Structures are given as C-alpha cells and as structure tokens.
Amino acid sequence: MWFFNEWLFRFPFAVAMINLVIWTSSCNGSRGTESSSMDANRETERNRMVDQYIVPHGIKSPAVIAAMRHVPRHRFVPGMYALFAYIDGPLSIGHGQTISQPSLVAEMTDVLKLKKTDKVLEIGTGSGYQAAILAELVDKVLTIEIVEPLARQAEQTLAELGYKNVRVRVGDGYQGWPEEAPFDAIIVTAAPDHVPQPLLDQLATGGRLILPVGRGIQSLELYHRTAEGYQRKTLTLVRFVPLVRSGEN
Ligand code: SAH
C-alpha cells in the first residue's frame with residue numbers, strides 16, 4: 001500500500017494516464033445515455049469514482065460517501081488536469097503542491113467520525129478540496145495554508161461553490177489557530193516530522209487529530225484526546241508533502 005502511494009505521488013501524471021485508459025475501457029458503453037453536455041458538473045464520473053475507489057476502500061460513513069459524490073473535484077484542480085479529476089490519484093495544484101488522492105481524503109475524513117456540530121481545523125488548505133468535503137459534513141471549518149496564492153485560489157473556489165462555513169487563513173499551521181480553539185477535530189494534510197504540540201493542545205476533550213508524521217514515507221496517526229490524556233493509533237503508511245515552517249519556504 002505504501003509503495004503504491006509513493007509511486008502515485010512521484011508519477012501522478014503517468015498514473016493518471018494509465019488509469020484513464022483502464023477506466024475508459026472498463027466503462028465503455030455502460031452508461032450510454034449520458035453525454036458530457038448533459039452532465040457538465042461531471043456527476044456521472046464522480047459517482048463512478050466513488051463506486052470504484054471510495055466504497056471498496058472501506059469507507060463506512062454514508063455522509064462521507066455522499067460528500068465525495070457531491071463535491072466537484074474538477075473545480076479544485078488546474079484546468080490542464082481537470083480531465084483526470086475523477087481518477088484516484090494525487091494531482092499537481094502548482095507551487096510544488098498536490099491535491100491528495102480521493103480515497104485518502106475519504107479515509108482521513110471517515111476516521112474523524114464527524115458530527116454536524118463539530119468545529120474542524122485543517123492544516124494545509126492546498127486546493128480547498130478537503131475543506132469542501134469537511135464543509136459538507138460539519139457547521140464550521142477553519143483552514144490554514146502557508147502559500148498565500150494557494151490560499152487565495154482555494155478561498156475563491158470555495159466561495160464560487162457557495163461554501164459559507166469555511167474560513168481560510170494564510171500562515172504556519174504548526175501553531176494551529178489558538179483564538180478559535182478548542183477544535184473537535186484537526187486534520188493535517190502536510191507532514192511534520194513530529195506531532196505539533198500546539199495542535200494537541202487545541203483539541204477539545206473527545207477531539208480527534210489525524211496527521212501524517214515523519215520524513216519521506218510517513219505514518220498516518222490518529223490521536224484521541226480523553227479526560228486522562230491522549231490515545232494514539234497508527235493507521236497506515238502514506239506520502240504527503242512536508243509541513244514547512246514559516247521562514248523555511
Ligand atoms: N488538503 C489539500 C492538499 C494539501 S497539500 C487539498 O485538499 O487540496 C499540502 C498543503 O499544505 C500545501 O498546499 C502546502 O503549501 C501546505 N502547507 C505546508 N506546510 C504548511 C504549514 N506549515 N502551514 C499551513 N500549510 C502548509
């Protein structure tokens with residue numbers, strides 16, 4: 001699993017091309033009634049992605065599955081990659097950054113076991129896609145991005161799609177967002193080499209933190225804050241871009 005993720009990360013374009021060929025041949029003629037002009041929002045492709053990659057990945061929550069069916073991922077990627085938006089791979093979003101593969105977005109969201117009333121912090125806004133998935137599920141999403149142009153672009157895409165419950169801030173997410181703490185859940189989509197203490201501190205009791213930790217190949221870790229302390233669980237191996245600290249980039 002881990003080497004597959006790394007491979008995907010290194011060769012997203014090549015993988016996208018291979019997947020596109022497999023995918024077009026596998027769905028050839030199966031849904032002949034829908035033409036692209038009748039499905040400008042690409043719902044058919046999105047549903048196919050969910051059926052082929054998200055549900056088989058073991059995603060449990062019906063709300064997460066519904067969000068993955070609803071959010072138009074093609075709107076979050078640069079035009080040149082929009083064709084590949086419904087393949088289960090990461091894609092470049094510029095500035096050396098990537099939008100994560102959909103099955104990983106779904107898995108990380110699913111394990112957070114979100115409730116509608118939860119207040120969620122994301123570190124690493126990137127394209128804004130993960131923030132949109134969260135915004136489908138909870139009342140309040142706050143997200144921090146260190147690369148200002150990415151933050152502005154994500155803010156614009158989210159506004160165009162009508163998400164009013166997401167706030168985007170430019171800054172170093174290592175520090176969290178102390179004025180808005182505590183959070184019921186925190187999701188980090190860039191990898192620090194150790195768990196940021198400010199993020200642990202900003203979890204509410206009962207809160208969950210998911211993040212990749214390490215250099216190179218990282219372990220995906222889930223922290224649960226209890227009245228007594230923190231419980232940690234390692235989920236899988238992943239490959240995210242590194243979390244950079246302000247002054248480093
Ligand atoms: N969640 C994103 C993908 C994240 S890619 C999406 O749905 O598209 C990781 C992002 O983390 C990049 O955009 C990168 O610029 C950002 N990042 C890296 N270090 C950061 C930091 N210290 N604080 C906030 N964002 C950071």
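Just after helix α5, K113 takes a positive phi of about 45 degrees. The model here is predicted, so to speak of local features a pLDDT of at least 70 is needed, side-chain atom pairs count only at pLDDT 80 or more, and totals for chains, interfaces and linings use all residues. Residues are numbered from 1 along each chain as its sequence is written, and side-chain values use heavy atoms, with hydrogens and water left out.

**The chain as a whole**
- Of its 249 residues, 53% count as buried, meaning under 20% relative accessible area with a 1.4 Å probe, protein chains only.
- The accessible surface of the protein chain comes to about 11,500 Å², and 55% of that belongs to carbon and sulfur atoms; the areas come from the Shrake-Rupley method with a 1.4 Å probe.
- Take the contacts between residues at least 6 apart in sequence: 54% of them join residues at least 24 apart. Contact here means heavy atoms within 4.5 Å.

**Helix α5**
- Helix α5 spans residues 102-111 and is mostly covered, with 9 of its 10 residues buried.
- The buried ones are P102, S103, L104, V105, A106, E107, M108, T109 and D110.

**Where α4 meets α6**
- Helix α4 (residues 62-70) and helix α6 (residues 129-137) have axes that come within 9 Å and cross at roughly 130 degrees. Axes are lines fitted to C-alpha atoms, for helices over the stretch in contact, and angles run from 0 to 180 degrees between N-to-C directions.
- On the α4 side the contact is made by A63, V64, A67, M68 and H70, and on the α6 side by Y129, I133, E136 and L137.
- By class, this α4 contact with α6 has 7 nonpolar, 1 polar and 1 charged residues.

**Where α3 meets α4**
- The axes of helix α3 (residues 43-54) and α4 come within 8 Å and cross at roughly 140 degrees, and α3 and α4 are therefore oblique to each other.
- From α3, R46, N47, M49, V50, D51 and I54 meet I65, M68, R69 and H70 of α4.

How values were computed: Helix = DSSP H or I, 4+ residues; strand = E, 2+ residues; numbered from the N terminus. Nonpolar A, V, L, I, M, F, W, Y, C, P; charged D, E, K, R; others polar. Buried < 20%, exposed > 50% of the residue type's maximum accessible area, 1.4 Å probe, protein only. Parallel < 35°, antiparallel > 145°, perpendicular 65-115°, else oblique.
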